Amino acid sequence: MDHLEELEHRSIYLIREAYHRFDPLGCLWSMGKDSTVLLHLVRKAFLGKFPFPVLHLDTGYKLAGIYRFRDRIAAEWGVPLVVVKNEAALAAGMGPDSAGRLACCTALKTEALKGALAEHGFRAVLLGIRRDEHGVRAKERYVSPRTADFTWDAGRQTAELWDLYARRESEEAHLRVHPLLHFTEADVWRYVRRERLPVCDLYFAKGGRRYRSIGCEPCCEPVASNAATVDDIIREIGEGRSEERDGRAQDKENARAMEQLRALGYM
Amino acid sequence: MRRLAVAFVGEVDHGKSTLIGRLLLESGSLSGRKEEAARSGALDLAHITDQLGREQDESCTVTSAQAFLRSGGREIALVDAPGHEEFIRSMLTGASSADAAVILVDAGEGVREETRRHALLVKLLRIPQAAVVVNKIDRAASPEAVYGVRAREIRALAAEIGLPLGAVVPASARHGAMVTGRGAGLPWYAGPTVLEAILAFREPDAAGGPARFSVQDVYDFTPRKVAAGRVERGEIAAGDRLIAVPGGAAVTVERIAAFPNGGLERLGSGCAGALVLDRPERVRRGLVLAPAAEAPVAARQVKGRVFCLGPRPLAVGARFVFRLATQDLRARIGAIEERFDTGALAPRPPEGTLAPLELGLLVLELDGECVAEDGNLSPALGRFVLEDDDGPAAFGMVVPWRASS
């Protein structure tokens, strides 16, 4: 078994475990490369079917190319898509400029997810986060419980032995399941290449710039790059020394890491 | 080749996180921004994996993390496991997925309680290869002599628990000696650097022998009904005639379904697959498919070497959920035959209980038949957890009946 096959089989096994053990199950899709790979792995696990709903937490501020990609893939793959919006917050004018980035992310993503969990009663949701994205995500488990108020106590996690994914039923309100935890950014692109997966065209350079990470229009900046194909991107990541989420201004975790660095005397 | 995971284990404050930070820095695996911060001293090497505020405040890893080392065209996942006994659950989370271990020993302090416990757990978890780093060697007044003492000490420990040991490397993670380069202060040492010792770890062999397929689920919403599951050892091919254990019902593999490309000829060890069977109604989650001539034996009792995770002791008569691969059963502790202090490496008289951090030989009575095998042959069928509402209370490695009698 080669490297990508091993990653793929581990993910599929976990997706099937989650489907068996956590009912009802949902899957989050942001239309980024990671969660699009996640959706493809779900299709592989269930031989082309989606036995559970796929949620898009729509902030209303996504880059236009993301909506076009969503609608195209949803139609081609037969995705049972549920678009979730915090309509009340949007009606009240919520946005990064009016309320600040952290408040905006909380209202339009976190609160929207809370609303969807309450409405659909999901026991667990699949998410495409990876360990190499950020040092705090490197601490995550494959199956990660959240309490009713959504808190995650990284220091008090239960043991996760092999692939006997544990849970702590006494405290959990819902579970986050992370089938891509062991993929790196480069693995995702190599997997996209091997499986010939479609990705949003915002990832490919136009006029010397491309998005390395995609999200909301006001909070995402393209980075300098000439990578116009998947091969170019794989080469660029292999040589590059920048960080994947450098273009993500709203990144709460980065802000926190920066704060810690600053306390240690960093600029 | 797949990417190996290397777990860094050992006593708290012997330098695991700092060594991982040093390896990432010197191998060029960090981003430009982090490298600059680390070189200027603004970023403590240990904080590259110790990202939680509490970990940085207390200078102690609380929960295990992974970082990716890139060197010589290879990528290796470095697993930072906490060394404090309070965080043993997290250490096991990191170590249980590892292909190799690096055991750290502080040159000044030598082998301590957690060094012994972690080395024993590396053996128990069947991590097949291990190296040792005698860290903080720069602090020793006569490094060569101290290294000799520590190397003998750790080799004696490894011999006592039957752990095969590779290189024993003297190093200073703080100053970078013998980590990726040799440094100036250790001319008497001729063995590999820490990085060379890590790159020498091999990919463990795939589990061979007669096939075992754990059924995870049966799907009827797919174009044809399929039994989804995983090949735990050996190989499954279209046309195979198998039996489902327990029970012994016969099934034939008509096809191996796959998406998007129709079907596969065969599935190797470790593959998650979906089988189209002639009699899908004969299988369900928890059954193990195997060739009739070399099928496993199912039993209502399992004997295992069990490590108690705490916080409560395990007692004879206590009930748990027993989980082994896709088999979920109810279990009662029938007997505790041996009891072992994992910090002192000393047997204790079994008096009907197993305290947290102790290792015992337990007999578990199950409410149904279970397929449990020698983990050396079928890794996933040779290990289990005992769970209650708070998650895993213990984990265990199957002791085959024949070997134990």
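In which loop of chain B is the place of B:P260? Select B:P260 and look at the loop between β11 (249–257) and β12 (263–264) of chain B. Helices (H or I, at least four residues) and strands (E, at least two) are DSSP runs, numbered from the N terminus.

Residues are numbered from 1 along each chain as its sequence is written, chains are lettered from A and ligands numbered from 1 in the order in which they are written, and side-chain values use heavy atoms, with hydrogens and water left out.

**Another cis bond**

Next, select B:G310 and B:P311. The peptide bond between them is cis as well, with omega near 5°. B:P311 sits in the loop between β16 (298–308) and β17 (314–315) of chain B.

**Leucines with positive phi**

Move on to B:L345, in the loop between β19 (327–341) and β20 (346–348) of chain B. B:L345 is not a glycine, yet its phi is positive, near 55°. B:L345 counts as buried, at 10% relative accessibility. Buried means under 20% relative accessible area, exposed over 50%, and partly exposed in between (1.4 Å probe, protein chains only).

Then pick B:L357, in the loop between β21 (353–354) and β22 (358–371) of chain B. Phi of B:L357 is positive too, near 75°. With a relative accessible area of 12%, B:L357 is buried.

**A covered helix**

Select residues 16–26 of chain B to highlight helix α1, where ten of the eleven residues are buried. Among them are B:K16, B:R22 and B:L25. Step past the end of α1(B) to B:G28, whose phi is positive, near 75°.

**Chain B as a whole**

Zoom out to show chain B, with its eight helices and 24 strands. The radius of gyration (taken over C-alpha atoms) is 23 Å, close to the 22 Å from the globule rule (2.2 Å times the number of residues to the power 0.38) for 405 residues, so chain B is as compact as a globular protein of that length. Its C-alpha atoms fill a box of roughly 70 × 55 × 40 Å along the principal axes. Of the 405 residues, 60% count as buried. Contact means heavy atoms within 4.5 Å; of the contacts in chain B with a separation of 6 or more, 69% come from residues 24 or more positions apart.

**Confidence in chain A**

The average for chain A is 86, and 90% of the residues score at least 70. Confidence is highest in helix α2 (residues 33–45) of chain A, at a mean of 97, and lowest in helix α9 (residues 252–263) of chain A, at 38. Over residues 250–255 of chain A the pLDDT is below 50, and this stretch has 13 contacts in the model beyond near neighbours in sequence. For residues 257–267 of chain A, pLDDT stays under 50, with 16 contacts beyond four places in sequence. Where pLDDT is low, the predicted coordinates should not be read in detail.

Technical notes
Predicted model: local features only at pLDDT ≥ 70, side-chain atom pairs only at ≥ 80, totals over all residues. pLDDT = per-residue confidence, 0-100.
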